[in-house]
Amino acid sequence: MSVFRTAGGDAIDRSRTISFSFDGTRIEGHPGDTIASALLANGVHLMGRSFKYHRPRGVLGAGTEEPNALVGVTRGPGRFEPNQRATLVPITDGMVVESQNRSPSLARDIGAVNDLLSAFIPAGFYYKTFMWPRSFWAKVYEPVIRRAAGLGRPPEVTDPDRYAQRWAHCETLVVGAGPAGLAAALAAADAGGRVILCDEGETIGGRLRDMPRATIDGLTAGKWIVQARTRLENAGVRLLTRTTAYHYGIGNLVTLAQRCTDAGGARTRERQWMVRAGRVIIAIGSIERPIVFPNNDRPGVMLASAAAGFLHRYGVLVGRHIVIATQHDSAYRTAIDLAGAGAAVTLVDRRARPAADLGEACSAAGVTVITGHIPIDTRGRLRVSKVAIAPAPDAAHRWLPCDALLMAGGWTPSVHLHSQSGGKVAWDAQSAAFLPGTTLAAQVSAGTCRGRVTLADCLADGWTAGGGNGASAPAADDRTDTGMSPAEPDAHPEGARRKAFVDFQNDVTAKDIRLAVREGFRSVEHLKRYTTNGMATDQGRTSNINALAIAAQAMGQTIPGTGLTTFRAPYSPTTFGTMTGFTRGRLFDPVRTTPMHARAVAAGAVFEDVGQWKRARFFPRPGEDMHAATARECISVREAVGLFDASTLGKIEVVGPDAAAFLDLLYAGRLSTLAVGRCRYALMLREDGFIADDGVIARLATDRFHVTTTSGGAASVLNVMEDFRQTEWPDLRVWLTSTTEQWAVAGVTGPRARNVLAALVEGVDLSSDAFPHMAVRQGRIAGVPVRIFRVSFTGETGYEINVPARHALPVWDAVAAAVAAAGGGLYGTEAAHVLRAEKGYIIVGQETDGTATPDDVGLGKMVAATKPDFVGKRSLMRAAMRDPDRKQLVALLTADRSLLDEGTQVVDPASPRQSLGHVSSTYPSVTLGRPFALAMVHGGRSLLGTKLAVATAAGPVAVDVVDPVLYDPSGARLDV
Amino acid sequence: MSDLILTLGDTSASRAPDEAQLLLHGHPRDRAALSALAGFDLSDTMLASTAGSGWHALHLSPDEWLLVGPNGGRGDMAARFAEAPIVLSLVDISDRSVGIDLTGPLADDLLAGGCPLDLATLSPGGCTRTLFGKVTVLLWRRDDGWRMSHARSYDAYVVDLLCAVAEDLASP
């Protein structure tokens with residue numbers, strides 16, 4: 001197929017050929033190819049345009065470090081993903097790949113004019129140039145900059161694929177399945193305990209796959225990898241490939257992103273593993289650095305390690321005439337390998353005298369070695385065509401023709417996960433690198449990520465980290481193993497006018513960094529943000545250390561004296577799908593339903609969300625809107641009888657000899673005087689004296705209370721109760737049990753409520769003498785034992801029937817039939833709110849806003865001020881809490897009979913710019929024959945009978961301030 | 001008898017039968033007296049359960065035992081505690097939650113889709129409150145698998161999540 005394919009490549013299946021399209025051109029490759037390897041196999045190096053200057057770019061790396069070749073990938077409807085690294089995405093038949101950040105085409109991009117205008121867009125240009133006029137930022141500058149300098153377009157339709165999450169626990173988690181990680185996992189498996197080994201690559205082996213001539217324990221590297229996999233699988237090690245450890249959290253909770261399939265469909269596409277590990281062995285290797293010199297970014301210029309990866313994994317030669325620029329040893333291996341695969345290779349070493357045996361090995365392989373030279377420039381518009389080399393930047397140069405230029409600027413150990421674990425990094429002069437330092441987490445780094453250099457050292461280091469005895473470590477024999485020998489980071493010399501790129505993804509040049517230093521930025525964190533170096537999605541994998549070296553040189557400091565920026569999760573770009581997992585659609589948040597939910601659905605209810613609960617808001621009949629349905633439901637309750645599902649009310653059973661004393665301390669009212677069989681409305685305050693919750697409390701026995709809370713407050717009230725019980729009053733002999741879901745509650749209310757119950761209830765005398773308002777009785781309905789509370793939230797005679805939840809439906813059906821027979825029907829929360837507001841009953845969270853005292857809402861008499869203590873008592877004694885000018889609950893009636901809006905401001909017509917309060921509830925009322933509102937108004941009770949105004953969009957509306965109890969002020973209807 | 005929710009090879013999730021559940025609170029120092037009332041020994045090891053005469057007692061917090069037993073025995077068991085001479089709280093919560101029984105080789109993996117606990121740390125009889133997805137559940141390792149119970153209003157969510165986890169486990 002292509003002239004750039006060799007006979008090698010352990011990742012690809014040569015027996016099959018598949019194809020995809022790249023910007024409309026059909027490209028062939030083999031299963032196992034990445035987009036990048038397939039393109040390179042076809043001689044295509046131009047894969048993208050750079051972020052800021054729109055310069056033509058090819059791949060820099062061969063893996064996760066890739067900053068240039070970001071592409072959009074489409075695998076069918078809804079399966080479009082932008083910003084994918086071409087070096088990581090395996091090709092699938094028929095997939096569509098598009099390049100990014102170019103217009104109209106990759107080869108002819110009008111944005112490239114930025115490259116010529118670069119003098120006007122230096123580091124930090126957007127902070128300087130686009131300041132004025134201020135109003136232009138949001139509407140003009142920012143959108144234009146975003147379009148010109150950006151990543152790919154966002155997807156537009158819902159992702160059709162499945163994502164999953166799973167928790168896992170192990171004694172040892174090994175991150176990275178290169179030589180050190182494999183050795184560590186083998187040793188840990190021998191030692192016993194659960195072991196998880198993950199690697200972001202398509203298969204295990206890591207950099208070992210690029211060392212085909214090495215032998216371990218007498219096997220070639222490839223065979224040893226196969227043997228290691230078998231041993232690990234036999235030992236029960238959970239082996240996760242295509243899996244990136246992207247977050248290292250506290251308590252050794254490491255989050256992994258597993259790419260299960262690229263195809264999607266019925267299979268899980270990506271799975272997030274939350275791994276809680278006893279200890280973590282980090283063996284994530286190191287990443288090669290580019291060399292900083294002018295025009296070091298043309299397509300065809302890449303890392304030496306990338307060329308090695310493409311050769312050994314995919315059987316792809318990145319060029320026929322290759323120049324390698326190096327300043328240390330590891331590039332020699334790559335040079336020999338590339339020459340062996342048929343390329344003409346020239347190796348340019350900055351050092352005057354590299355080790356003699358390396359030169360001999362090169363000569364034997366036919367590699368030309370030029371010592372004491374560095375690259376100083378390149379040529380070639382859409383692909384490198386020649387490189388200028390010279391003994392020094394300003395010395396006489398000569399041109400070497402080439403179709404690929406490889407850079408070997410040294411290796412940067414990956415300390416990301418170590419840093420995320422809370423570990424410090426320390427500069428190691430011998431390695432010329434930042435290495436893992438101290439950490440509090442139970443983790444250890446092994447292999448090249450902690451500065452180990454040779455294959456033998458890495459295997460031994462991993463083996464020991466995994467708990468193995470050093471003497472029995474896998475033994476490596478690799479005569480050409482030159483290791484990842486130390487190289488000083490490259491501080492590109494000052495003075496070059498052409499662009500020498502440091503951060504390829506964000507288009508940051510050496511000049512930008514020097515400019516920032518000249519402008520006074522000294523802290524590495526400031527330099528990073530001002531220049532944007534290291535802030536792209538590659539997190540500066542290839543650029544941080546070079547940028548640091550340049551900044552240090554410009555400031556006349558050492559590298560360790562200048563410092564390193566912090567590493568944050570995610571280690572690698574991670575999809576929202578992975579992080580979302582199951583949590584979408586029906587599983588986004590639980591939807592809680594009551595035992596009678598199906599009956600409400602059948603009755604055509606329109607539901608509203610109350611916290612996680614679905615509550616029936618109203619039951620429209622054909623042709624009715626919410627107002628019409630609610631008006632009908634209100635009339636039904638006021639004139640006949642209504643049935644309401646009140647199951648969501650919080651319920652807590654408080655039991656113990658000190659239950660009454662406990663409730664006396666917790667609630668503002670006095671519960672100890674409550675007789676058995678009776679109920680009392682009570683307010684719970686916070687310690688600051690403001691209303692926290694309310695509810696009816698019934699005394700079932702001397703030592704047993706049934707406490708109700710608001711629907712939304714059920715969980716928090718129980719928490720507050722437990723908190724006080726355990727920490728403030730541990731001497732009280734009392735226990736709490738949530739019974740919210742034990743009981744389903746059918747509320748029956750209206751003038752015919754008693755008649756309805758009389759036909760249903762066995763064992764209870766319903767006469768007002770025997771069962772008065774605010775009392776509780778136990779009886780049976782349809783044979784089921786029930787607790788009946790005679791309470792009212794509507795102002796009419798009312799009963800709340802508490803039924804054990806599993807028997808809810810037969811009881812509900814019996815009650816519903818009786819209600820219907822009595823000429824009544826179902827009502828929803830909307831009608832309930834209107835009915836209670838007509839009576840001036842508050843809703844906590846509606847009339848109260850966390851700053852209302854009992855007296856503010858007219859419930860001062862609910863406070864038993866003579867009790868020695870209760871939660872909030874001392875706060876209520878503060879002068880400000882007794883100020884007569886506090887906001888107080890009143891009702892407002894509009895002079896023009898218009899309906900006010902909730903939240904609108906109440907004002908004095910004489911000075912309408914100052915707010916006197918706000919409207920807290922507002923409804924049309926069929927009972928009153930007019931709309932009305934409840935409001936919290938400063939000194940409201942002293943203003944009863946006066947006229948104020950409410951500010952509306954149409955202007956002030958005159959209102960009469962009246963008492964909040966608009967319906968049945970005498971309470972006569974509570975006992976009909 | 002029990003309704004099947006899902007199967008995955010030899011693994012299944014099905015509705016637990018209706019049972020009586022009585023939540024007993026009492027002082028840990030009264031454990032012997034409480035045991036005498038229950039008719040069998042209540043565990044003094046946290047997050048463990050004991051059994052006797054058809055009932056189980058799950059020791060869920062220092063002063064809390066959940067008594068689980070046959071529906072028909074509910075009244076008798078409650079009556080034993082009603083007039084006890086020691087201080088305690090007994091509340092019938094038989095209707096509060098619903099249970100799901102998970103059995104088979106992938107039962108642990110089904111739970112691992114939503115439960116952050118290391119299930120291997122719970123030996124047979126072990127029990128604990130934990131999370132399944134966003135919902136508080138009670139996990140109880142029984143002889144033949146797991147019993148997971150949760151407040152009944154969350155049932156649709158729990159079943160949906162179990163099915164989603166099963167689909168993931170079925171995915172290669």
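## Domains of chain A

In this predicted model, the C-alpha centres of domain 2 and domain 4 of chain A lie 31 Å apart. Both belong to a domain assignment that divides chain A into domain 1 (1-156), domain 2 (162-286 + 413-477), domain 3 (290-409), domain 4 (491-564) and domain 5 (650-738), with domain 2 given as two stretches of the chain, 162-286 and 413-477.

## A buried helix in chain A

The buried residues are Leu455(A), Ala456(A), Cys458(A), Leu459(A), Ala460(A), Asp461(A), Gly462(A), Trp463(A) and Ala465(A), and what covers them includes the helix α5 (179-191) together with the strands β10 (215-216), β15 (268-282), β28 (443-445) and β29 (476-477) of chain A. Just after the helix, Gly467(A) takes a positive phi of about 100°.

Two packed helices are described by the angle between their axes and the distance between the axes. Here the angle is about 30° and the axes are 7 Å apart, and α5(A) passes α11(A) in a right-handed crossing. On the side of α5(A), the contact is made by Pro179(A), Ala180(A), Gly181(A), Leu182(A), Ala183(A), Ala184(A) and Ala187(A), while α11(A) contributes Leu455(A), Cys458(A), Leu459(A), Asp461(A), Gly462(A), Trp463(A) and Ala465(A). Sorted by class, this contact has eleven nonpolar, two polar and one charged residues.

The domain assignment of chain B gives domain 1 (4-16 + 97-170) and domain 2 (20-92), whose C-alpha centres lie 25 Å apart. Six residues of domain 1 of chain B are in contact with five residues of domain 2 of chain B. Strand β9 (residues 127-132) of chain B gives the most to the side of domain 1 that touches domain 2, with three residues, and the residues of that side divide into two nonpolar, three polar and one charged.

The contact between the two chains takes 35 residues from chain A and 32 residues from chain B. On the side of chain B that touches chain A, β3 (20-26), β7 (88-92) and α4 (155-170) each supply at least two residues, and α4(B) gives the most, with seven residues. By class, this side of chain B has 16 nonpolar, seven polar and nine charged residues.

## Backbone features in loops

Most residues other than glycine have a negative phi, and most peptide bonds are trans. Against that background, a cis peptide bond joins Ala569(A) and Pro570(A), with omega about -5°, and Pro570(A) is found in the loop between α15 (559-562) and α16 (576-580) of chain A.

Gln539(A) has a positive phi of about 50° although it is not a glycine, and its place is in the loop between α13 (524-531) and α14 (544-555) of chain A. Ser53(B), likewise not a glycine, has a positive phi of about 45° and is found in the loop between β4 (49-52) and β5 (55-61) of chain B. Are these two residues buried or exposed? Gln539(A) counts as buried because 22 other C-beta atoms lie within 10 Å, whereas Ser53(B) counts as exposed because it has 11 other C-beta atoms within 10 Å.

Arg231(A) is found in helix α6 (residues 221-234) of chain A. With 15 other C-beta atoms within 10 Å, Arg231(A) is partly exposed. The C-alpha atom of Arg231(A) is separated by 29 Å from that of Arg333(A), and the two residues are 102 residues apart along the chain.

Technical notes. Residues numbered from 1 in each chain as written. Chains lettered and ligands numbered in written order. Predicted model: local features only at pLDDT ≥ 70, side-chain atom pairs only at ≥ 80, totals over all residues. Helix = DSSP H or I, 4+ residues; strand = E, 2+ residues; numbered from the N terminus. Buried ≥ 20, exposed ≤ 12 C-beta atoms within 10 Å, placed from the backbone. Contact = placed C-beta atoms within 7 Å. Axes fitted to C-alpha atoms, helices over the stretch in contact; angles between N-to-C directions. Left-handed = near helix turned anticlockwise from the far one by under 90°. Nonpolar A, V, L, I, M, F, W, Y, C, P; charged D, E, K, R; others polar. Domains from an automatic or database assignment.
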